[in-house]
Amino acid sequence: MFLFNSAVMGFGNSLWMHLVLEQFDNMVTNVANSYRIQEECDVLSLVLAQYEGPIILMEFKAVMLASLRSLVPKDWDSAHEVAWNWFWENIEHMLRALMGKPATQQHALDQFILGLSQDQLTFLRREIYKRFFTLAPAGQDYFKQSTTRLYWIADKVVEMTTEMFKDPKRLVEDISALGLRHVGYGIPTEFFAPFVSAAVDAVKTMEAQELAQDAFRWSLTLVSKILVRTILEGSTIVMKAINTNDAKQLRKAISVAPRGKRAQELLNITVGTKSISPLIWSIESGSLVTAKAMLEDLLVIRADRDNYYFGCDHLFERHPEIIQRLSFDAPQLLPTLLDGLIWRSRTTMNGQRRVNYYVKHLIQDAEGHFNQALAWIVEGHDPKIICHDVVVLFSDLLWSGLAGHTFLLGRCYFLFTLAVFIAGQSILQQLREDLQNQTDGERIAIFACRITIYVFSMGALLINQVRCLITDIRERNLVKLFGVLPFPQYLTNTMQIGNLALMLCLLVMCTQEPIFHCLSSGEADFKDLLFHQHCFAGEQRKEAYATISMVAMLLYWALLLDLTIFSMRISAFTLVCGRVLSELGLFLSSLVFLIVTFASSIAALNHHCEDFINIPVGALSLMEISLGMFPSQNFQEIQDEISVLLTVSLFIIVVIVFLLNLLVAQLNGAYASVYDDMVGYARLTRGSIIVSALEGVSANRWQRFLASLRFEERLEFNEGDVGLAGGIQVTEPANEHPTTVENIRRFGGSTSPAMPWPEEVHGDEAEDKLDRLEKVILRATKKITSRSKKNGTGSSSMAGSSSQMSSTSDQDSSGADGSE
Ligand code: HEM
């Protein structure tokens, strides 16, 4: 309406009116707050100072009144006319007082700051803090950072004073965000006045021009005013509780929030156009105790007669990336979040218990696409988290519903090529003892198998490798090999290395293929034979071809190992085998070292034993001894040479008695250490396969899958009690997770969303007392145990039982600490 009227009244070209209009709402809504009006006028005067063209403030009043009159023609009367006139005249008065000043002030301030030498700058920075600490000694408790950091902040402050003139709108936005960060730092607003005075005094001592001093003071005061305002608006009790990092304080602070806004209080504080999330702030500032309490509070299901309240939706809507945030910045909070997504019934029926898993936001994002939650959990590489009930449930859903089939389809192709490869290299080839007796049909079949492999298997592998290479180069996904050599990142994946090796083997096989070489040989003996391999060139390459074919066969089978992912047990076993391989490597390298050592020392002896006549022969014999392949009758010969006999005996003791048993012990140790996590690692592997398989799933299939999960349906808690949507209900054996605690907190009384929840009886104090008592008992038990051990008193059974007690007490106390 305003713009229409301004155009009609002939002020269409007065674009400065738009600038006023942008701040007009703030001015009108804060008409009773003279400080705020002054602040808005200060900022507006800076914005208008950058406008090139005439500004006649009276014109704005005319358009404003005309617009208001036409907006509310019936209600408009002389009282309104007087009020709005008064309002605009005040604004005009304030703006007029500032008009023309900003440009000269900006120039003077720029001159002053640019003219400062390095020494003068250091002096100014030091002086600001010196003077501030004299004016407000308590300020030292907040500025605890290193001097360099404080100097950096001082530079920023000075920079802001000039920026305010140059880009006032952006700076107001930035200051809102900065103010919210100062709320997080817990800075009382009383410190801002002395800080500004200190900075202004410090500038005065630099003998700056009067105009520059004025500009600095005016600009810094404005910055400080906006900061203080945002701090006051943003200092909610929740933010204050975060600074104390005390869960009890937080619970107390949030208990007064209306039940309908409780989740928002924990997730969103808005000042102007900027907002901050107390939850994320507490994670960023390391107040993890309060962050944990917030997550717990958000994920408690509360209910009155009318509604269920559960912060899960609010949490994921406000922070769709919360899983990523937690996995990287606070992984210890992930179990709290995941635990909160489970509801377990206290009651059981026919030995079964209902369990609701609220996993909607872990599977789909706000737009209904695949959520990256699983990818982030896999990136976190924590074998414990991936085995959490919630993650197991939703990843298994994705696996059985979508990814498993897609993955299997991909592997079916590979299985088929393996079958063809086996047929072409190991079955058809071996049907006749003499290859010359092969029938035409057999030779054609072998040729067909090999061509299929070269075209379809090698071709597919080649395309895949080139595609991955190009993607990595394009996206600069390069890792440094030995710290210098750039290396495409896709080759850090073992399967991809296997694929590359197989492709290279097939490539070499293709170049050495005897059938190809015989095709063009034209030798008279085999003129009538189709696709034979017996020509001279073919015979020459046969040996090398067969060896590479054997390696390729091994690689084919090794690459099939990822099919084990269908069974977590087998997959975990394969992973364990891979992990303990390094121990075997250590054993083999020590064995080689010992063989070389003993073979060279036996060769130095004066003997006539044929088996150890020189180093290579000796090394071979020692290797046969180690592997139990040395013929026993050859020991007879060794016995005749006493010096050789003694050295070989020493070798046998070191290798067979010591090293082999050490290997067993090593394998045992390594197995035990990875055993606990092996299913977790198997699940991590499956997780990464799910993530990559889902990238290729069509939108239609994905939508069908989502529809089958029916997240929009509300799930029953107990019979007839229809609760919350967004989850999946399963039943589990009653004794799997026995619980006697009701997970839903129900409250009587008013059901108005504007009412806070009635005070909950936490029994915190009683719990604290019990905790303390338990700790005293545990400490006493420990002391008694250690004393009795020192004195060596007590029977063996006593010692046994006491050590058992102490270990339990250790566990308990660590558990108690952890939960604190
Ligand atoms: C006009 C006044 C002020 C301005 C313009 C200002 C500006 C800044 C800026 C730019 C930072 C940099 C860090 C960030 O971006 O979060 C900062 C950090 C900080 N400020 Fe202020 N500040 C002012 C007043 C104060 C006062 C009066 C105090 C306390 C007595 C204070 C305490 C802090 C603290 C504790 C930090 C955090 C330092 C860190 O992260 O290591 N500030 N301030």
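**Note on the strands, ligand shell and domains**

1. Three strands, in the order β4-β3-β10, make up an open sheet whose pairing is mixed. Strands here are DSSP runs of E with at least two residues, helices are runs of H or I with at least four, and both are numbered from the N terminus. At the edges of this sheet stand β4 (308-309) and β10 (744-746), each of which pairs on one side only.

2. The structure is a predicted model, in which local features need pLDDT of at least 70 and side-chain atom pairs count only at pLDDT 80 or more, while totals for chains, interfaces and linings use all residues. Residues are numbered from 1 along each chain as its sequence is written, and side-chain values use heavy atoms, with hydrogens and water left out.

3. Two strands are said to pair if DSSP finds at least two bridges between them. Isoleucine 301 has isoleucine 744 as its bridge partner in β10.

4. A further open sheet of 3 strands has the order β5-β6-β9 and antiparallel pairing. Its edge strands, β5 (342-349) and β9 (728-733), each pair on one side only. From one strand to the next, the twist averages 25 degrees; the axes are lines fitted to C-alpha atoms (for helices, over the stretch in contact), and angles run from 0 to 180 degrees between N-to-C directions. Strand β6 (residues 352-357) pairs with β9 in the antiparallel sense over 6 bridges, and arginine 354 stands opposite threonine 731 in β9.

5. The strands β7 (residues 478-481) and β8 (residues 485-488) run antiparallel and are joined by 4 bridges. They form a hairpin with 3 residues between them, and phenylalanine 482 in the turn has a positive phi of about 55 degrees. Leucine 481 has leucine 485 as its bridge partner in β8, and leucine 478 has proline 488.

6. The ligand is surrounded by 21 residues, the closest being Gln145, Arg149, Arg181, His182 and Tyr185; a residue is near a molecule if one of its heavy atoms lies within 4 Å of it. By class, the shell holds 15 nonpolar, 3 polar and 3 charged residues. In this division Ala, Val, Leu, Ile, Met, Phe, Trp, Tyr, Cys and Pro count as nonpolar, Asp, Glu, Lys and Arg as charged, and the others, Gly among them, as polar.

7. Oxygen atoms of the ligand lie 3.2 Å from a side-chain N or O atom of glutamine 145, 2.8 Å from one of arginine 149 and 2.7 Å from a polar side-chain atom of arginine 181. Two or more residues of the shell come from each of α8 (147-166), α9 (168-185), α10 (192-204) and α11 (210-234). Helix α8 gives the largest share, 6 residues.

8. Which protein atom is the donor of the iron atom of the ligand? The only one is NE2 of His182, at 2.2 Å. Donors are N, O and S atoms within 2.8 Å of the metal (3.2 Å for Na, K and Ca), and sites may look incomplete because water is not among the atoms. Histidine 182 belongs to helix α9.

9. The protein is assigned domain 1 (2-99), domain 2 (102-234), domain 3 (431-514 + 540-561), domain 4 (570-687) and domain 5 (771-819), with bounds from an automatic or database domain assignment. Taken over C-alpha atoms, the centres of domain 1 and domain 4 are 91 Å apart.

How values were computed
Polar contact = N/O pair within 3.5 Å; in protein donor to acceptor, adjacent residues only side chain to side chain.
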